[in-house]
Amino acid sequence: MIGYFFFNNTLRKYVVTFGNIFNNISVRHGNNTTAKVPVQQLTKEKFVQALDDNNTDPNVKVILPMITYDLVDIKYDASRKTNTLQNRKIYKNTETGKMNSILNAIPYDLKFKLYIFTRYETEMLQIVEQILPFFQPAFNIMIKSFPEMGITQTDVPVILDSTSINNEYVGNDSDIRHLSWELEFTMRAWIYTNLDNDAPIINRVLIDFGVMGPEDNVSLEGIEWVTDPIPSTGEDDPLIIKNTFTIVDP
Amino acid sequence: MPTSIFPINEFVTNTEDQDRLDSQPTNKYFNWHNDTSEQQLYASQVAEMIQSHGQEMVYLPRSLQNVDVIFGEDPTNSFTNAYRFAIAIDNILDYIGPDNTFTNQAYTWDAEIDCTVERSLFGYQVPIEIPNFGDLVYWPLAKVLFEITWVSQIKGEYFQLGSNPTIRIKMEKHTYSGETIEVSNTGIYQEEHYVCSIPEHTDQLSCELAGGTWTPSFDGDAFCSDPQYTDQATCELNGETWTPAANALIPEINQITGKTDVTNSDENEFTQTEGDTYTNDEEDNPFGIKI
């Protein structure tokens, strides 16, 4: 029933877009040099992460500050549910007279966690202050969620749900201080079903006025619209409509 | 003299013993805590052992510039001095800790090491009395930069000779965050070395300084070394001359400076490139914010 392949790359778009929000955050070090904070998505293959590591020559534990993020949960949002029978159509660039068709988008909430690590509290506050003012509590992004269907202006709010401070500064004197903040976000996203690229085009509409003849089975009057020719692309403007008024003799 | 607090018993049989017990709280015939010659002998043996079987490391004192008294930190601190010193590593097999781990902090090399230095030897080689919390130690053999996280506070009170020549320290791999680390080679070595290195022909090299030419010393690399004229060193091989690489012995300490900034090959760049194709910024953004 649902086991046929399709992949619209939508979830990857949301993950990358979420990381892109925090891509240009910088800190100013004590020596007045400004550095852009690295942002990393966490669920990497370990060997890839190890190969990409630059904590060598000299080898150190880790280089901070750093921002990491992770998609932690996906949940259906019933409050944004739309009519499941409606679908969106767009003409194909073909001579076959078929269309691309897709059902309405399905609302899902994507939960992201953003982790911030710094060595110095001063740098932590610099980073957080560059993030928090933009979330009131939502930051809106316009995403080209399904450009194949012309859906290029989907407003996707990213909501800051919570902030937790996980600083570790107690314990043995041999444990150095660890500063980390954890921000939790909800992205109000939309995902899509498969694209039907073989949907038929309605090119003839007949309205029967119900004026029946003596034999009660023959329409006397009606209007018929027929496209001529069948449009080949969605950019055909305007469609040529042949309006035909027909009187059927009894 | 007040009445003795010690009762007359079988060990105190005469007035002399009574006076001795009254004048000294401990028995002077068994008190080794003030025997300076024994203490120095012990210390010199420990120092000799550390110099014989220990490791050469580089000590980088932390230079505090502008301490934030509220948050108790100094992001402006820097490391510009370096001193070679002898240190014994207590761990005989491996570092302490999980070593390489994958956390939500991405990839970390979490490792600790326990070490011992001799107090007077350390004070001679490094111009500070004892190692300090927060100072850095570079281990050239492993190319690892450590941070001192714990220093033993026991000076001698629990030791037989009343002195403890050793200082035990704990170090863990440094968590770097943009501090300035600028260590010059001349600060570590008495004379600056310039390396002329061609794997197949280093034994045929000649060095030229201030008009004089000689065959450089050869030990894997060829070192042209002269304290006064190192900046004028040139190397020559088969008629071709070039300026040898300076600071070639310990260049990697300084390489970490600036690594906090992302480069074009980092994930930020890929995220930006791909993410920009997904977002629609064609319409005017009333807030003037472009991600």
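This is a predicted model: local features need pLDDT of at least 70, side-chain atom pairs count only at pLDDT 80 or more; totals for chains, interfaces and linings use all residues.
Two strands count as paired here if DSSP finds at least two bridges between them. With strand S1 (residues 55-60) of chain B, S6(B) pairs in the antiparallel sense over three bridges, and B:Leu60 has B:Leu136 as its bridge partner in S6(B). With strand S7 (residues 144-151) of chain B, the pairing is again antiparallel, over four bridges. Here B:Leu136 stands opposite B:Glu147. S6(B) and S7(B) make up a hairpin with four residues between them, and B:Lys143 in the turn takes a positive phi of about 55°.

What about the two faces of S6(B)? Side chains in a regular strand alternate between the two faces of the sheet. In S6(B), B:Leu136 and B:Tyr138 sit on one side and B:Val137 and B:Trp139 on the other, and all of them are buried, leaving both faces of the strand covered.

B:Arg84 is partly exposed at 32% relative accessibility, and B:Glu56 is partly exposed at 38%.

B:Glu118, in strand S5 (residues 106-118) of chain B, is another story. B:Glu118 is buried yet has no salt bridge, because a salt bridge needs a nitrogen and a carboxyl oxygen within 4 Å and the nearest side chain of opposite charge, B:Arg119, is 6.7 Å away. What the side chain of B:Glu118 does have is a polar contact with the side chain of B:Ser120 (2.7 Å), and it also reaches the backbone nitrogen of B:Leu121 at 2.7 Å. Leaving aside neighbours within four places in sequence, B:Glu118 is in contact with B:Ala43, B:Val46, B:Ala47, B:Ile50 and B:Pro165.

Over to chain A, where helix H3 (residues 121-131) has A:Glu121, A:Glu123, A:Met124, A:Ile127, A:Val128 and A:Ile131 buried. Seen down the axis of H3(A), these buried residues fall within an arc of 160°, so they line one face of the helix. An α-helix has 3.6 residues a turn, so residues three or four places apart point the same way. The cover over the buried residues of H3(A) includes strands S1 (26-28), S5 (66-76), S8 (106-118) and S11 (179-191) of chain A.

Two of those covering strands, S8 and S11, are also joined by charge. A:Glu182 forms a salt bridge with A:Lys113, the closest N and O atoms being 3.3 Å apart. A:Glu182 lies in S11 and A:Lys113 in S8 of chain A, so the pair ties together parts 69 residues apart in sequence. A:Glu182 counts as buried at 17% relative accessibility, whereas A:Lys113 is partly exposed at 23%. Elsewhere in chain A, salt bridges link A:Asp77, A:Arg80 and A:Asp109 in a network. Over all chains, the count comes to 13 salt bridges.

Terms used. Residues are numbered from 1 along each chain as its sequence is written. Chains are lettered from A and ligands numbered from 1 in the order in which they are written. Side-chain values use heavy atoms; hydrogens and water are left out. Buried means under 20% relative accessible area, exposed over 50%, partly exposed in between (1.4 Å probe, protein chains only). The arc is that of the directions from the helix axis to the C-beta atoms. Contact means heavy atoms within 4.5 Å. Lys and Arg count as positive and Asp and Glu as negative; His and the chain ends are not counted. A polar contact is a pair of N or O atoms within 3.5 Å; within protein, one must be able to donate a hydrogen and the other to accept it, and residues adjacent in sequence count only if both atoms are side-chain atoms.
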